[in-house]
Amino acid sequence: MDRRINKGQATRRHLIEVATELFADRGYEGTSIEAVLERTGMSRGSLYHHFPGKDRLFEAVVESVHAQVGESALAAVTASGATEPHDLIKAAELAWIRLASEPVVRRILLIDAPTVLGWRRWRDLEAQYGLGMLKTVLQQAADTGRVPAHLVESFAHILLAAGNELALVIALAEDVPAAQATAEAAVDEFLTRLLRPTSEPA
């Protein structure tokens with residue numbers, strides 16, 4: 001039984017990995033179930049055993065990419081050596097901007113996911129992954145007086161939306177390195193102003 005479960009999990013992971021490559025390269029509309037089957041060498045029955053249709057396969061891909069982005073962002077924040085709440089927030093936001101400019105993340109999470117999954121499901125996943133981390137760090141900043149406590153959730157939404165928008169600007173820019181540098185400088189300056197202790201005059 002354990003061997004069958006492990007084989008099933010391995011098959012599911014492989015389908016998601018292959019579908020991720022195809023969705024990132026061709027987009028949701030340009031990727032067919034037949035293309036996934038051809039790339040994996042699996043039967044239609046094997047695929048449908050795990051995913052009833054292309055939409056469910058895409059949703060699993062979105063969740064997988066979200067999880068990978070979360071792990072990468074956390075690793076980047078840890079590697080930054082930041083310890084103070086405001087520095088942690090800066091590190092987290094910059095990590096997301098850098099990751100979100102990658103083709104897989106941009107195409108799957110930012111372009112196709114809102115349309116394919118619908119706004120509500122997309123927002124649920126955003127809340128589960130990126131928004132949750134921002135709220136946690138912002139709450140730490142609130143505890144030190146750098147953010148008004150009653151604005152933590154609103155600020156988290158603002159930072160998430162700003163990161164998504166900047167990621168698209170960078171990804172679509174003719175000069176990506178220049179756009180990246182400008183975005184990072186803007187984020188650093190914006191968060192420095194935002195996270196000034198509430199007792200300190202503006």
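Which residue forms a salt bridge with Arg107, and how far apart are the closest N and O atoms?

Modeller: This is a predicted model, in which local features need pLDDT of at least 70 and side-chain atom pairs count only at pLDDT 80 or more, while totals for chains, interfaces and linings use all residues. Residues are numbered from 1 along each chain as its sequence is written, and side-chain values use heavy atoms, leaving out hydrogens and water.

The partner of Arg107 is Asp112, with the closest N and O atoms 3.3 Å apart. A salt bridge here is a side-chain nitrogen of Lys or Arg within 4 Å of a carboxyl oxygen of Asp or Glu. Asp112 is buried at 10% relative accessibility, while Arg107 is partly exposed at 27%. Buried means under 20% relative accessible area, exposed over 50%, and partly exposed in between (1.4 Å probe, protein chains only).

The structure holds eight salt bridges. Another one pairs Lys90 with Asp188, at 3.5 Å between the closest N and O atoms. Lys90 lies in helix α5 (residues 85-100) and Asp188 in helix α9 (residues 176-194), so this pair ties together parts that are 98 residues apart in sequence. Helices (H or I, at least four residues) are DSSP runs, numbered from the N terminus. Lys90 counts as buried at 15% relative accessibility, and Asp188 as partly exposed at 35%.

Glu184 and Arg98 also meet in a salt bridge, 2.8 Å from N to O. Glu184 is in helix α9 and Arg98 in helix α5, so the pair ties together parts 86 residues apart in sequence. Arg98 is partly exposed, at 41% relative accessibility. Finally, a network of salt bridges links Glu59, Glu63 and Arg121.

Conventions
Helices (H or I, at least four residues) and strands (E, at least two) are DSSP runs, numbered from the N terminus.
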